[in-house]
Amino acid sequence: MRYRYAGIAWTGAGYEVEVLDGAGRRAAEPSSWGAAHVAELIAWLKDLGKDEPLAAVFESTNGLLDGPMTAAGLEVYRADPWLLPPRPRFGSVPALQLAEQARSAPGALARVTAEGGSLSGRADEYFEGVRRSEPMQAALTAARRCFEHGRRDTPRAALTFDDGPDPVRTRRILEILDRYGVRATFFCVGHHVAALPDEVRRIAAAGHELGNHSWSHPFLPDLTPDQLREQIDRTAEAVAGVTGEAPTRFRPPYGALSPDVLAALEGHPSTLTMWDVDSRDWARPGPERIASTVLEAAGPGSVVLMHEGAGDRGQTVQALPPIIEGLLERGLELVTVGELEAPSAATRP
């Protein structure tokens with residue numbers, strides 16, 4: 001079967017795309033897309049694939065496209081680091097190299113699914129890295145450099161939203177939070193902060209907390225220490241450029257850790273911020289299932305993981321009101337992660 005291969009590289013400004021046919025000829029002119037125009041990029045790729053099947057290919061430091069692309073029905077693949085030349089300190093390998101890798105050795109690529117996301121096929125590696133990190137993470141927690149949940153004897157919990165801001169979902173989430181008078185923490189990716197600064201301003205103006213979720217949502221174990229710190233620092237600078245204040249919390253994409261990742265973070269001023277309740281909204285199981293997953297697991301001190309960007313988060317928006325109502329009915333005060341970590345008046349000596 002004849003295929004077209006679209007290599008998609010990320011840069012500080014957005015995405016670069018090169019499309020090759022099976023013979024290695026350009027099947028479309030090279031194109032550039034801003035980070036706020038992913039929907040238009042996807043529509044363009046779908047149109048290219050009408051006459052000839054098209055495979056969209058990115059690499060493991062780009063974790064922002066798998067959700068919207070698989071939801072749109074595109075055939076999506078990941079090229080892993082051992083297949084590619086070294087990437088620059090900031091940005092992915094060039095789009096033309098990604099397209100050529102797909103064209104010349106398509107069987108070496110990993111097929112990305114909606115269920116597995118951009119880590120499809122690397123789950124064992126992910127869990128092994130998390131397991132090996134446990135002693136170092138425990139030491140960071142004891143030193144108050146890592147935070148996973150609050151006190152279990154204090155009726156507070158924190159809602160958190162990753163991968164934004166989003167041009168549509170962020171405003172709807174903010175409206176719901178305002179309706180119930182609760183605050184939350186938004187872990188933003190630099191790519192979206194730079195593209196949608198007005199949405200970041202809305203989050204801050206509403207009194208919510210902003211956190212750092214890297215620039216391009218990479219699988220952190222694939223980065224060098226310099227590349228990892230560059231992702232965090234550029235995102236912090238982008239947020240500070242919009243709000244005047246840099247975030248002090250860093251949440252690793254996917255929660256992916258390894259001893260090397262934690263060693264690279266040693267001495268960095270950010271507090272590593274995890275969660276203890278995963279809504280699994282990224283799998284799009286339906287709003288009722290998202291709400292029940294949270295309400296079955298959440299209690300005093302919980303940090304709830306949800307998502308506002310990098311995909312169709314309509315189910316998250318629908319699930320949010322029953323989640324908030326259910327937690328409030330239990331007498332839980334919904335606060336930011338920073339407020340959850342700080343001792344409450346009732347527990348201060």
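Which residue stands opposite Gly211 in β10? Phe187 stands there. This report describes a predicted model, beginning with the strands around that contact.

**Strands β9 and β10**

Strand β9 covers residues 185-188, and its pairing with β10 is parallel, over 4 bridges. Strand β10 runs over residues 209-212. Glu209 and Gly211 point to one side of β10, while Leu210 and Asn212 point to the other. Both sets of β10 residues are buried.

**Cysteines**

The number of disulfides in the structure is 0. Cys146 takes part in none, and the nearest cysteine sulfur to it belongs to Cys188, 20 Å away. A disulfide is a covalent bond between the sulfur atoms of two cysteines. The cut-off used for such a pair is 2.5 Å, so the sulfur of Cys188, at 20 Å from that of Cys146, is too far for a bond. Cys146 is buried, with a relative accessible area of 3%. Cys188 is buried as well, and its relative accessible area is 0%.

The largest pocket has a volume of about 840 Å³. It is lined by 37 residues, and those closest to its centre are Leu119, Tyr126, Tyr254, Asp278 and Trp282. Four elements, α2 (66-71), α4 (123-142), β8 (156-164) and β14 (303-307), each give two or more residues to this lining. The largest share comes from α4, with 6 residues.

For the second largest pocket, the volume is about 360 Å³. Its lining has 19 residues, of which Val38, Ala39, Pro68, Asp166 and Gly311 are the closest to the centre. Helix α1, residues 38-48, supplies the largest share of that lining, 4 residues.

Technical notes:
Residues are numbered from 1 along each chain as its sequence is written. This is a predicted model: local features need pLDDT of at least 70, side-chain atom pairs count only at pLDDT 80 or more; totals for chains, interfaces and linings use all residues. Side-chain values use heavy atoms; hydrogens and water are left out. Buried means under 20% relative accessible area, exposed over 50%, partly exposed in between (1.4 Å probe, protein chains only). On a 1 Å grid over the protein atoms alone, a cavity is a set of points where a 1.4 Å probe fits but cannot get out, and a pocket is an open set with protein on both sides within 12 Å along at least five of seven lines; lining residues have an atom within 4 Å of a point. Grid points are joined across faces, edges and corners, and a volume is the space filled by probe spheres set on the points. Two strands pair if DSSP finds at least two bridges between them.
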